[in-house]
Amino acid sequence: MNLVEKFKQEIQELNLKEPYEIAYFLYIRTGEIFEYNPLWEIASDKEATKIFKERINIYHVQQFKIVCSS
């Protein structure tokens with residue numbers, strides 16, 4: 001999923017113009033799309049480090065379970 005294009009389209013469809021409205025929309029919508037990765041809680045130190053260092057490519061999202069550092 002290209003998150004940038006999806007958000008641009010949704011912002012345009014909702015006719016959002018004000019920066020605060022856009023920021024609020026992005027915050028809420030991001031929470032709807034992604035979910036917390038529960039493996040973080042039970043992972044070994046090595047696995048937890050790997051999960052913590054994962055980065056999301058916002059132009060090609062494939063993983064929807066993340067931790068805050070992602």
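Reply: Let us begin with aromatic pairs: rings of Phe, Tyr and Trp (its six-membered ring) pair if their centres lie within 6.5 Å, and planes under 30 degrees apart count as stacked, over 60 as edge-to-face and the rest as tilted. The model is a predicted one, in which local features need pLDDT of at least 70, side-chain atom pairs count only at pLDDT 80 or more, and totals for chains, interfaces and linings use all residues. Residues are numbered from 1 along each chain as its sequence is written, and side-chain values use heavy atoms, with hydrogens and water left out.

Me: Why is the pair of phenylalanine 7 and phenylalanine 25 called edge-to-face?

Reply: The ring centres of phenylalanine 7 and phenylalanine 25 are 6.2 Å apart and the planes stand at 75°, so the pair is edge-to-face.

Me: What makes this pair a link between distant parts of the chain?

Reply: Phenylalanine 7 belongs to helix H1 (residues 3-13) and phenylalanine 25 to helix H2 (residues 19-33), 18 residues apart. Helices (H or I, at least four residues) and strands (E, at least two) are DSSP runs, numbered from the N terminus. Both phenylalanine 7 and phenylalanine 25 are buried.

Me: Why is glutamate 10 counted as buried?

Reply: Buried means under 20% relative accessible area, exposed over 50%, and partly exposed in between (1.4 Å probe, protein chains only). Glutamate 10 has 13% relative accessibility, and therefore counts as buried. This residue is found in helix H1. Apart from neighbours within four places in sequence, glutamate 10 is in contact (heavy atoms within 4.5 Å) with Phe25 and Arg29. In the chain, buried residues account for 24% of the 70 residues.

Me: Why is asparagine 15 called exposed?

Reply: The relative accessible area of asparagine 15 is 52%, so this residue is exposed. Asparagine 15 sits in the loop between H1 and H2. Its phi is near 55°, a positive value in a residue other than glycine.

Me: Why are glycine 31 and glutamate 41 called exposed?

Reply: Glycine 31 has a relative accessible area of 53% and is therefore exposed. Glutamate 41, with 58%, is likewise exposed. Glycine 31 is placed in helix H2, whereas glutamate 41 is placed in helix H3 (residues 39-42). From C-alpha to C-alpha, glycine 31 and glutamate 47 are 24 Å apart in space, and 16 residues apart in sequence. Glutamate 41 and serine 70 are 15 Å apart in space, C-alpha to C-alpha, and 29 residues apart in sequence.

Me: How many helices and strands does the chain have, and what pattern does the chain follow?

Reply: The chain has four helices and two strands. Along the sequence, the pattern reads α-α-β-α-α-β.
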